[in-house]
Each structure stands twice: as structure tokens, then as C-alpha cells.
Amino acid sequence: MTSPRQRQNVILWKNSLNNIAKRNAGFICQTYNKFYGVLRPYSTANTFNSCSSTKYTFTGNKTPFGQNHNAMFCTNNTHNLERKTGDKKQLLDFTHSDAKSYSPKHIEANWYDWWEKSGMFKPQFKSNGTALDEGVFSILTPPPNITGVLHIGHALTLTLEDTLIRYNRMKGKTVLFLPGFDHAGIATQAVVEKRIYAKEQKTRHDFSRDDFVELVRDWSKRHHDIIKGQFKRMGASFDWSREAFTLDEKRSTAVIEAFVRLHDEGIIYRASRMVNWSSNLNTVISDLEVDKKEINGRTLLSIPAYEKKIEFGVLTSFKYPVADSTTNESIIVATTRPETIFGDTAVAVHPNDPRYKHLHGKYVTNPITGKNIPIICDSQSVNIDFGTGAVKITPAHDQNDYLCGKRHHLPSINIFTDDGLLNENCGLDWKGMKRFIAREKVIECLRTNGNLVKQEDHQMILPICSRSGDVIEPLLKPQWWVSQKEMAKMAIEAVKSGQITIFPKTSETLYFQWLENIQDWCISRQLWWGHRCPIYNVIFDDTNFESQLNSNSTWIAGRTYEEALDKAKKKFTGQKFILKQDEDVLDTWFSSSIWPLSTLGWPSETTDLKIFGPLSVLDTGWDILFFWVTRMIMMNLKLHSTIPFKEVYCHSLIRDAQGRKMSKSLGNVIDPIDIIEGCTLEDLTTKLNNSNLDSKEIKIAKLGQAKSFPKGIPECGVDALRFTLCINSTGARDVNLDITKVETHRKFCNKIYQANKFCLTKLGNDFIPKEIDSLECLSLLEKWILHQLNEYSQKINTQLEKRDFSGAATSIYEFWYVICDTYIEKLKYVMMTNNEKYVETSKQILYVVFESTLRLTHPIMPFVTEELWQRFAKSTLESNINESIVTSRYPSFNENYYCPIEAKTYDTVLKIEKEVRSIFEIYNLHSNKKLWIQSNNVNVTDYLNEEINSVCSSLRITKDDLKINLTDGLVPPGCVSRTVDSDTTVYVLIKGQIDMNAQLLILNKRLTKLKNSQSSISKMIANPSYKLKTNESVQQTNEKRLERTLKDIDSTKETIATLVKMIE
């Protein structure tokens, strides 16, 4: 039972968590008070349910996660504060001040709630419950840790997944996007314990286990709400009705089932093996949670539980006196961990080393304990050419020494307590001493007794616990292990046979390498937060009987206590015993390894498991390929005899603009919401002060923030962020994210917005879309743009199918610029004509192009596309019968829009115009322009003659200034020419039209400037330290600058030569 005092502690801690939630909510509100507003007493309007259970209300237009849940956009220029969450958004007229230009906060408001409430994210089935004819597409998102907030790496994963989900949903498939959260055992418990200690100077042992677990659960619920809000803010189209948590009841049932089955089959077993031990957290941790810190020599580091800094990077050499030596002979060994001398059980030499052959089979005396230990011969542990050729062997505290000890049957002497103190095996004088204090004392004793030889700087890798900052101690511990070699063989075959594909190929290679050298997996964790091991120890009254049993045979796995008791009674008939459940919990990765099964309902054979399994794609970072992806494949094959997913896409990892790894301590970790909504440097600093970092780390991180974000982070919006992440996802191992890139794509969003605003204005309020029956009556421009739409639709479909996210985003970017810079500009002339039929036809094509391109763009940029798509007139057209762009059809290749000949003709016309403009610009021709176009392409000349007014308008010349295909084929002297293609050449009269001497002076000055620029860039690139000190993104920019400068130099030289020749 819990005491009144313990219950009071729980209440106090819960209240403190509520206060934290309130402070966080207030902080988020105040971040941009120009549109966030402030907290005020609860009312029924404009309510936001914060990360705590308390409700707050906000004045202004925006809630903490940016969704204006209660304000309705209306055409009467008012915001309806009585709007219910989930109602369809009413759109502002373009004349409204908030709709005149692109504003992410207004455009992104409200849509998500409506999508979700309308059930658009739920899988669609036939009336009989089966999948749609187009097929099934399913993705399970990697569950984020319930310890804080999402970072930009999560945003990348989410963006790529949601892009595929929205794309396949628009392809008419039965689509499932399954959300989930990870209880993150060690990470979450470490954060909560740290906060408890900071607030109350208490550890978890001051609480009962149940009360402490309840505190952690309370913490996780609050952060679950924060992360869920971030998911929604990013536009993730999850089916929230299927939301899963690794520690919820359904997942717990699956974890227990998996453990019991594997234990009963002997795949899970108990053994004493070397593990990564965190003395600060008192638990085993996985390799993933160990940071490898490079130490280049003597270095002082702050270590938890030590007042003074501890020195590392020192190699200590000392003597082991040879026992019974009449000549005072000794063997010199070296170590970076002198304190482990108490656990030494041998000194190893190479069997072929002539220096020690006379000592084979003899003993040395431990210079601290006085005990004799053997000299052994081991060729695997000793490098005969390194150092003295002798190595101290400490089997209980080093992996290599442990293996050596097994080869030579050496005892393993553990010298540390779980708290990192020396234990009774070190003697009474040393018992209870901290390990790094003992290091100093051991060195002093060696110096005093004359056995210290030297200490020198030493480069080394120091294993640091990523959760606590403590130095990892290798310890020999009895733990639960999973035998993986046989399962690994099945996982290898699943990929080699093509059942599962892994992209890129480099990740597939790493996958095979890891599985071919796989070791058994330690799944025990000495924590309270997590799945408690469903296994019970049988403790006998008859100790003689118990001594006859091995460590595995006294453990009984059971789905319940009653099942375990029944098993034990059958196994130990007639024996008296009690059952005690193991105190340990399972490694978080264990519940994650069955995630594809448990989220679809396993161990029951559910409908979801039959329809959506195996999942279509798993998208994840390549860094957890080993820890998560391989284990899911192995466990799925073992427990269900099926693969968990058909495809693994390992995306890039995000680094900052300088190419550095994202790290809280560097101050470069970015909350995607800060990019979406903007954040001042002051507010970034406030977030740091409220983080889990210690004061020293916060100080360093603040400097990093000031360097990376001197002006804070500007408001960029969701669509710009998603687009940036997609276009930079090239399949490379790392991507450097510069906030300026996101700003650039915010401008791209504005270009899309303004272009659609132009389109809708031209269409007018009375426009009714109609089917295009035939292309015969269409102009060359219209056939060209429909062909372009067709080509880009086909290209983008292919790119998304191949997971070429960067290619798809680039194609979308290119096509919008084709529309804006070419099609719209050409269309403006058409719209000025008096031919009503021509204008009406042009409107129909204008509608098709814009409405289709919005659908092409939607999977990557969901908010701005929905906002604009909703403004287009609805009809019975196939693409437009849906209530939302979310459920509309994705554009694909349309045979009717295939016009290759017409498209090629118009491309030639555009090239002609481009070359002519280039000549006008180079020679500074502003008036008196004379142009001749000579072409053997009949289609081109026919168009030029028919549309001469349009062409002249585009080039800003008169009809008299343009001549097409001279009858005599003679071009007047004094012209410069440009070849457009094999059939077409353009000529522009220069001589007599400009002051050629003045133009030569201008061009020579330009050439000098270009050469200076080229010299400067080349000198910078040639610097030996350039590639080391300059990040990849800047290098690529400089290479493009150099390439462009060289082309400009060549072009300018050519122009100068032409002018000189004419003057002569």
C-alpha cells in the first residue's frame, strides 16, 4: 500500500506538471502576440484544449498550434467566433485584407479539423467491406518518443509519408495512414526523474512503483497532446480512430503474447553477458543510446554525481611484478581505466613473443591487492607489435576481455555496484568509493609502491549515456536475451527474394552486413516505466532442489500470473514454491519490433491485418535500420510468417545549414512549429531555458542559437516547409537545411496563390466549367499547355511511384513557373481580344490547367491547394465531384491532351522569342528593333504569320519590324544571328541601331568585372582548407556561380568580337 506521504507526493508532482503545461501553453500563446493573443478565463468561444486537462481560451485569431479552430472565414469580412470545430471553412473574398496576399496563418486555418471531422482520412471500402478496386496502400508512421516535441527530422518523415498517403488516396485506393506514439522507456523515465529531482530532490525510490509509473503516465499524456497537435499542424492525414500507443492495452497484450511464445520456444533466454550499464540511471541501455565521444588527449569532463571534473584521455602504464621472481622482473601493462585493476584475473601475452616465453605458465602479483593471477597466452587479445605486448584481462568489465576469459576459463569478478561504487570484491578499504575517485587513489597507490611507470595523453572513444551524460560501464549482468541468428536468416532471404525492397541500395548493403554478423539482443531494462517482463521466478522452499537447476529452468513465462502458476505446477510437480514476477521491463525496441503486427490487431487475426498487412511502405531514417527495421522484419516472420511491409525507404538525415548534426546542446534543433509560425530569438532562448538541458549546456546552446538564428525564424507556413523537405530529400545520407530555403519556398507559395487569384479573377463569378470535347478548335498555345500538363502529370506520377520526392517537387515547381511565366503572360494578350468565343474557350483551358495543377501539387502542399481549389466553380466533371481536393482524383496521362507536334512547334516559337530577347538585352536594344526570322518549319512559319500580333506584342516590336522568311533569302548586312534549331535562325539588325563604340566600352567593363569574379571564386575553391571548412550546400552554390560566370565570359567575348568586326 502507498503511504499518505507518498500519495501527497504524487498529488504535488501532478500539480507541478499541470503548472508546466499551463506555462507552456502561455508561452506558446505569447510567442507571436500580434496574432496569438493572451490567456483569459474560460468561455465557450475560441476554446483550445491544451496539453493539460485544463481548458484555456485565446483572444486573437490563432490557437497555440496555429489552427483557428473557431474563427470562420466569411465573405462579409467578419470572423464568426461561434463557429464549431470541424465546420467547413467559409472563404474570404480576395478583396478582404487577409486574402489580398498569401498568408499562411489564414490559409492553413480550419482545414484540418474539417478534413478530420468529415472522415476524409479514414480508409474507404466497397459496400461489402472489401478494398476498392484500385488497391490498398498503407503506411505506419514510426512512433515518436513521448518525451518532448517533434523536431525537424520527424517533420521530414511525416512529410514524405503524408505525401505518399495523399497521392495514393487521390489515386482512388483504400488508404490507411496509422498514427502511433512510443512510450520511450528509458528516455521518458530519465526526463521525469530529472525533473522530480530538480524540483523535490527525490528519486523514484521515494515513491512506490505504481505511483511513480502514474507520474510518468501523466507526463506522457501531456506530451502526447503536444505531439498530436504538431502532427495535425503539419497536415498529417492520419486515421486517428486507429491511434496506437506502445504501452496501451492492445499493444501490451501483443507484447506479452510475443514474449511468452518466444520464451516457450527457447528463443528468449536468460544469461549473464556484457552489457552497457548506466550507473546514473541504474539500467542497461542499448547501443543506440550510447554516444561515442572522441577524446584527443587529457580532457576534463563533468560527470553526473561528481562535484569536480574527471580527467579522461590518459593512458596509465604500470608494472605487474612477476610472482616469486628472484630478479624483481615485472610485466608492464597500460590502461585508460586503472580502477578496474581489482577485477583483473590474468595478464595476457602473445604465445610467439620471445620476450615472455620464459614466463609462460607463471603468475604476476596484483600491485594493489597482492593477489597472484596467471600469465596466459592469447593471440587474439594481444598485438605483439603494440606497446609492451602485454594486456591486463578484466573479464567482468570489458567485452574483449570477457571473450578472452571464456577462452581460458578465467573467473569474472564484478567490482562495481549498480551505482558505480566499488564493491566488497575490492576490499574493505575501497568498498563504497566512487569509481573515478578510486581511479585517482589507485594511481596514487601505484606511484607510492613504485609500480607506476608513466601517464601519457591518449586518443580514445569514451562511451557516454545519451540520456544522462554518465560514462557507460561495461558490466556482466544476468539479462533476458533474444536469439536472433535463425531469424536473421529469414530476414535476409525476405530481401534477397524480392519480397521486401530496400532503398537506397547502400541501406540494403548495410542491412545484409548487419544481419550476417548479428548478435543476440538484450531486452532487459532495469526501469519501472515500460512493459514489465511477463515472466516469473520459481522460488523453492527446498534450497537443495533449487541448486540443481540452471538459471533458465526456474523462470516461467505466462500471459497472466494464473497461467504461469499452472505451468509451474506442471513442471515442478510436488514441489513447494512461490512465484515472483521479474522486476525488469522490456527494451522499448521490443514493443516497437512488433509494431506492424500489434497496430493491426495481432495476436487476433483482424480484418485490418488481412486488408492492410503487409504494409505498403516503411519510411524511416537510415540510422535506425538496424535497431528497428531489421527487428520488425525478423519478428513478423517469426510470429506471423509474413513480411511486415513490402518496401523500406530510408530517407536522408537532416543537418543544420553548417552541416552539423542536430543537437539540443548545439542550439540548432528546430521545432517545425517554429518554422511554420515563426519564432523570435528571445522566444527560442526561453524554450531553451525550459528544456531538460543543464545550465552549462544551455549556455553553449544559446550561443549556437544566436549564430544560427540571429534574427529568429521567420513565419514560413506548413506548405513551404513540406515543399522544402521534399525537394531536398534526394536520397543522400544527409541534407543540410537552411531556413532561407524555406523562406524561398514561402515565396513560391505566394506565386501559386497570386497566379490562382489571377485565374479566378479572369474566370469571373459566372464561369461554368465544361468538358473539352475536341482540341480542334484550340489555339496552339492551348494545345501546348495541355500537352505540358499531360507531360508533367505523367512525370510526377512516375516520380512519386519511384519515391523520387525531390524530382516530384522539382517538377511541380517547374510547371508552376511554366504556367506563370509563359502561359499566363501569353494568355493576357488573348484575354484582351474582342473574340468572345476565343476568350470563352481560353477560360475553359485556363480552368483545366489551374484546377489540375492544384491537384498535382496537393500531396506535398495540402493547405494552400485546398484553399484555392475550393474557390473554383464546381461541376459534374470527374475531377470536381468531390467535396474536397483531398478525395479528388490525381491527374494522370490523358490521351486527349497528347499533342506532341503542336507542342514542339510552340516550343520552337518560345525559343525564338528567348533568343531574340537575349540579343536585345546583350546589345542594349530598346528601340529601332529590326528582326528577321528564317525557318524551314512550315508549322512554325504558319503560326508566326497567323499570330504575328501576339508575337510582336510579346517582343515589344511592331508588325513592320518583323519579317518572316525573306523571299530572296538575303539578310541585310549589319545583323547578328542566332540559330534556334536546325530549321530556324533569327537575325537582328545592330549596325546603325546602336552606338557600337559606347556599347563596346560597356561590354569590356562587364568582361573585366566577370573575370575578376571568376578569379575570386576560383581562388576560394582552390584553397586547401575550402572543402573541410565549407559545407556541401555552399560548395554547390559556388560551383554553379563559377559555371555561370564562365558562360557569361564566353558570351561577352563573342558579343565584343561581333561588334569589333562590324566596326571594322
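Let's start at proline 614, which sits in the loop between H16 and strand S29 (618-621). Keep in mind as we go that this is a predicted model. So what kind of peptide bond joins glycine 613 and proline 614? It's cis, with omega about -10 degrees. There's another cis bond, from tryptophan 602 to proline 603, and there omega is near 20 degrees. Proline 603 is in the loop between helix H15 (595-598) and helix H16 (607-612). For background, most peptide bonds are trans, and most residues other than glycine have a negative phi.

Serine 641 isn't glycine, yet its phi is positive, near 60 degrees. You'll find serine 641 in the loop between helix H17 (625-640) and strand S30 (647-651), and it counts as exposed because its relative accessibility is 62%. Arginine 956 also has a positive phi, near 60 degrees. Its loop runs between helix H29 (948-955) and strand S34 (962-964), and arginine 956 is exposed too, with a relative accessible area of 73%.

Okay, stepping back to the whole chain. How many helices and strands does it have? There are 32 helices and 36 strands. The chain has 1064 residues, and 54% of them are buried. If you take the contacts with a separation of 6 or more, 75% are between residues 24 or more positions apart.

Now some helix packing. When two helices pack, we describe them by the angle between their axes and the distance between the axes. Take helix H23 (residues 780-801) and helix H24 (residues 805-831): their axes come within 10 Å and cross at roughly 170 degrees. The cut-off for roughly antiparallel is over 145 degrees, so H23 is roughly antiparallel to H24. On the H23 side, the contact includes Leu781, Trp784 and Ile785, and on the H24 side it includes Phe815, Val818 and Leu827. By type, the contact residues split into 14 nonpolar, five polar and three charged.

Further along, helix H25 (residues 836-857) and helix H26 (residues 862-869) have axes that come within 9 Å and cross at roughly 155 degrees. So H25 and H26 are roughly antiparallel as well, and their crossing is left-handed. H25 brings Glu851, Leu854, Arg855 and Thr857 to the contact, while H26 brings Thr865, Leu868 and Trp869.

Is serine 279 buried or exposed? Buried, at 8% relative accessibility. It's in the loop between strand S8 (268-278) and strand S9 (283-285). Beyond its neighbours within four places in sequence, serine 279 contacts Asp418, Asp419, Gly420, Arg435 and Asp470.

Then there's arginine 222, in helix H6 (residues 209-233). Arginine 222 is buried, with a relative accessible area of 9%. From arginine 222 to glycine 148 is 74 residues in sequence, but 9.3 Å in space, C-alpha to C-alpha.

Technical notes
Residues are numbered from 1 along each chain as its sequence is written. This is a predicted model: local features need pLDDT of at least 70, side-chain atom pairs count only at pLDDT 80 or more; totals for chains, interfaces and linings use all residues. Side-chain values use heavy atoms; hydrogens and water are left out. Axes are lines fitted to C-alpha atoms, for helices over the stretch in contact, and angles run from 0 to 180 degrees between N-to-C directions. Helices (H or I, at least four residues) and strands (E, at least two) are DSSP runs, numbered from the N terminus. Angles under 35 degrees count as roughly parallel, over 145 as roughly antiparallel, 65 to 115 as roughly perpendicular and the rest as oblique. A crossing is left-handed if the near helix is turned anticlockwise from the far one by less than a right angle, and right-handed if clockwise. Contact means heavy atoms within 4.5 Å. Ala, Val, Leu, Ile, Met, Phe, Trp, Tyr, Cys and Pro count as nonpolar, Asp, Glu, Lys and Arg as charged, and the others, Gly among them, as polar. Buried means under 20% relative accessible area, exposed over 50%, partly exposed in between (1.4 Å probe, protein chains only).
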